[in-house]
Amino acid sequence: MIISHYMKHEHRLCDDYFAKAEEAASKKDWEEATKQFEIFAHETLQHFKKEEEVLFPAFEKQTGSTEGPTGVMKYEHEHVRGLIGKMAEAILDEDVDAYLSLAESMMILLQQHNMKEEQMLYAMCDRVLPVATKEETLEAMKQTEL
Amino acid sequence: MFSQKGLSLDQAPPISVVFRFFLQGASFGILGGVLLALYQNEIFDPASKGALVLTHVFTLGIMLSVMLAALFQMLPVIAGVKLTSPAKKANWVQYPLIAGILSLLLAFHFGKIAWLYLLASLLLGGSLLFISFEMIKKLLQVPNHTSSSKGITAALFSLAILVIAALYLTATLGGYSEGIHYVQIKTAHYSFGLFGWIAVLIISISFQVIEMFYVTPPYPNFANRYLSNGILFLLAAASILSFFLPDIWMICHLILALLLSIYAIITLKRLSKRKRPVSDATVWFWRLGLGSLIISMLCFALGLFVQTAWIHALAYLFFGAFALSIVFAMFYKIIPFLTWFHLSSQGYFTAPMMHEVIHPKTAKKHFWIHCSMMTAFIMSLIVPQLIVLASLLTVLSFGWMGYQIIHAHLLYVKTQKEGHKFSMNA
């Protein structure tokens, strides 16, 4: 379960930064909100990059399918990227209502996405990838930067 | 296992399906408030027709309607189940359901009108058995079950069993059967209804949404693995054994009260550990609902030993507070999210944000209306005249809910007509 373990840990980290940014924005502490949001956005986009450039290709190569679960995940990543842009605008405008509203949508979208990955996709990766490939994939993901 | 588009429009039912079932629930809630003014304090006598009518306005009219809205929407997301032609299936269920509920309420009110019981049985039995078996069939084909999808399957089995039990009861009331086992079947009917259907469905959905909406630590394994099926097993065992050991229900109810109290405490603890510290109305609805569940189960357990009318009344009132609070907690997340999500997935960059669909302050106001309504109900056990206030507040509460649905719908239609859209293929 090395893939699941590593990726789940990243999800939890992103949740932490997200919550900190949301709390700061709700208190109108825009300096702190900007700082935490930047970390959240960076970590999330870097996590997507690890998936799209390393994990998904490895899974697709092993299963011979590019249209299945990885296609779904990439589609949802696009939706999240769009929302990150809008949330950044709300922070720049110091619009607390817009930020909290977007944060609400983001959280539901992101959590249902994470659940699908954790309950199905990562579990499938751990099951179908040979041990050596898993270790290589994990190592490559650790080296991936935004 | 995975649909091609995840939480996409291909997978979700048309938004109108969800809106319609929620609006149906709100309309029956308003009707319930009006009927309360008619029956007044009679509803606290379990043997009265007022109690029978109001109980079914609550369980069938309000709870079943919103639970169907939630199931149509959440089965694809939570369990990866795709219902084919959801709009058509919703029609097959919704119209007979409304007609069936109204027939049943009239049958209870007037009593002894055999054809009304027959009509209600045909309409409700047909539509509910159809949709529960349809959903169970799809759920049983899911290869990777989560605790939520397992729990929803258990809840749907309970729904089917309670409907079959109800058919026996209405056949007896309509004079079509002698009803030799009426007492046992009636206990099984309401036990499956309150515990197996309403409580298990809420529990199963909470396993997913508490973590998803509030980012909490996961539920302990014993809860999300065994609770839903454990409740179903207990109910099934007690139903069978009650034909030989009539007192078995007492033990079963005591265990169920304990299990549901433990569940409520575990969930309250998860909420207190949530990572998102922002506390909106939905968090308060959950807290109120879970607190009410604990009080309800305490009164329910006490009522097994003490035959005091007000303890029984409190058990049912707080159970109602539990179920309705959770419904509102879900409602204020689902309606704004779906409105935004459907429009934004259709490419409208002018899609209203969640707070523009329903502002958190609006939800908070409803929370206070709901609290006042529950207080008026409880206080009317001491000051009977307050039941009129409870009736007015019930109408206000469900009127408020209905208005939010209509407002969201109008906003949705307006954005589709006037909103700016970009094409993903451009």
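This is a predicted model: local features need pLDDT of at least 70, side-chain atom pairs count only at pLDDT 80 or more; totals for chains, interfaces and linings use all residues.
Let's start with chain B and its two domains. Domain 1 covers residues 1-144, while domain 2 runs over 278-412. Take the C-alpha centres of these two domains and you'll find them 18 Å apart. The domains touch each other, too: 25 residues of domain 1 of chain B meet 30 residues of domain 2 of chain B. On the domain 1 side, two elements of chain B give two or more residues each, namely helix H1 (15-39) and helix H2 (49-79). H1(B) provides the largest share of that side, with 14 residues. As for the kind of residue you'll meet there, the domain 1 side has 17 nonpolar and eight polar residues, and no charged ones.

Now zoom in on a pair of helices in chain B. How do you describe two packed helices? You give the angle between their axes and the distance between the axes. For H10(B) and helix H13 (residues 386-418) of chain B, the axes come within 10 Å and cross at roughly 5°. Angles under 35 degrees count as roughly parallel, so H10(B) is roughly parallel to H13(B). H10(B) brings B:Phe331, B:Ile335, B:Thr339 and B:Leu343 to this contact, and among the residues from H13(B) are B:Met401, B:Ile405, B:Leu411 and B:Tyr412. By class, the contact of H10(B) with H13(B) has eight nonpolar residues, three polar ones and no charged ones.

Next, look at where the chains meet. Chain B puts 22 residues into the contact and chain A puts in 26. On the chain B side, at least two residues come from each of helix H6 (182-214), helix H10 (309-345) and helix H11 (354-357). That side does include charged residues: three of them, along with 13 nonpolar and six polar.

Finally, the nonpolar cores. The largest one has 174 residues, and B:Phe22, B:Val66, B:Phe72, B:Val200, B:Leu201, B:Leu260 and B:Ile335 are the members that touch the most others. H10(B) turns up again here, giving the largest share of this core with 23 residues. Both domain 1 (1-144) and domain 2 (278-412) of chain B contribute at least three residues each to this core. For a closer look, pick B:Leu201: leaving aside residues up to four places away in sequence, B:Leu201 touches B:Met67, B:Ile152 and B:Ala155. There's also a second, separate core of 15 residues, which includes A:Leu55, A:Ala58, A:Val72 and A:Leu121.

Methods. Residues are numbered from 1 along each chain as its sequence is written. Chains are lettered from A and ligands numbered from 1 in the order in which they are written. Domain bounds come from an automatic or database domain assignment. Two residues are in contact if their C-beta atoms, placed from the backbone, lie within 7 Å. Helices (H or I, at least four residues) and strands (E, at least two) are DSSP runs, numbered from the N terminus. Ala, Val, Leu, Ile, Met, Phe, Trp, Tyr, Cys and Pro count as nonpolar, Asp, Glu, Lys and Arg as charged, and the others, Gly among them, as polar. Axes are lines fitted to C-alpha atoms, for helices over the stretch in contact, and angles run from 0 to 180 degrees between N-to-C directions. Angles under 35 degrees count as roughly parallel, over 145 as roughly antiparallel, 65 to 115 as roughly perpendicular and the rest as oblique. A nonpolar core is a set of buried Ala, Val, Leu, Ile, Met, Phe, Trp, Tyr and Cys residues joined through C-beta atoms within 7 Å. A residue is buried if 20 or more other C-beta atoms lie within 10 Å of its own, exposed if 12 or fewer, and partly exposed in between; C-beta atoms are placed from the backbone.
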